[in-house]
Amino acid sequence: QVQLVESGGGLVQAGGSLRLSCAASGRTFSNYLMAWFRQAPGKEREFAAAISFSGGNTYYADSVKGRFTISRDNAKNTVYLQMNSLKPDDTAVYYCTASRYSVVTVYVADEESYDYWGQGTQVTVSS
């Protein structure tokens with residue numbers, strides 16, 4: 001089992017920045033593919049970003065590419081999502097998730113690829 005706890009959400013004006021953190025516990029963190037998904041009100045949950053075991057490979061949805069950066073610190077068992085140039089459309093609950101599988105064996109943008117989920121943290125971007 002892996003426990004995931006997100007933090008760092010909040011209210012920010014359009015154009016501003018936030019950094020989300022996800023602390024993991026329970027198993028060897030570096031063995032997990034990590035990702036962030038988000039769910040806006042009235043919409044399905046969607047992929048935002050993913051990062052491989054070592055952090056050497058990152059993946060982004062087109063909607064966040066160039067504005068968001070995913071990173072991880074395996075010594076601290078933590079994955080981050082730096083969000084810049086935020087837009088009202090980025091308003092959502094952001095979920096941290098972990099997969100036992102390598103990026104070469106799963107489709108990183110499919111939530112079915114992931115085994116463990118955090119409770120989510122709310123991000124609200126005002127116009």
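In which loop is Ser85 found? Ser85 lies in the loop between β8 and β9, where strands, like helices, are DSSP runs numbered from the N terminus (strands E, at least two residues; helices H or I, at least four). The model is predicted, so that local features need pLDDT of at least 70 and side-chain atom pairs count only at pLDDT 80 or more, whereas totals for chains, interfaces and linings use all residues. Residues are numbered from 1 along each chain as its sequence is written, and side-chain values use heavy atoms, with hydrogens and water left out.

Ser85 has a positive phi of about 50° although it is not a glycine. At 42% relative accessibility, Ser85 counts as partly exposed; buried denotes under 20% relative accessible area, exposed over 50%, and partly exposed the range in between (1.4 Å probe, protein chains only). A positive phi, near 55°, is also found for Asn77, in the loop between β7 and β8. Asn77 is partly exposed, with a relative accessibility of 26%. Most residues other than glycine have a negative phi.

The strands on either side of Asn77, β7 and β8, form a hairpin with four residues between them. Their pairing is antiparallel over six bridges, two strands being taken as paired if DSSP finds at least two bridges between them. Asp73 has Thr78 of β8 as its bridge partner. In a regular strand the side chains alternate between the two faces of the sheet.

Strand β9 (residues 92-99) is largely enclosed by the rest of the structure, because seven of its eight residues are buried. Seven bridges join β9 to strand β4 (residues 33-39) in the antiparallel sense, with Gln39 opposite Val93. β9 also runs antiparallel to strand β11 (residues 121-126), over three bridges, and Ala92 stands opposite Val123 in this pairing. Two bridges link β9 to strand β10 (residues 116-117), again antiparallel; here Ala98 stands opposite Tyr116.

Beyond its neighbours within four places in sequence, Leu4 is in contact (heavy atoms within 4.5 Å) with residues including Cys22, Met34, Cys96, Ala98, Tyr116 and Trp117.

One cavity of 30 Å³ or more was found. The largest cavity holds about 40 Å³ of space, and its lining includes Leu4, Met34 and Ala98. The largest pocket holds about 160 Å³; it is lined by 13 residues, of which Arg38, Lys43, Glu46, Asp89 and Asp90 lie nearest its centre. Volumes are the space filled by probe spheres set on the points, with grid points joined across faces, edges and corners.

Terms used. On a 1 Å grid over the protein atoms alone, a cavity is a set of points where a 1.4 Å probe fits but cannot get out, and a pocket is an open set with protein on both sides within 12 Å along at least five of seven lines; lining residues have an atom within 4 Å of a point.
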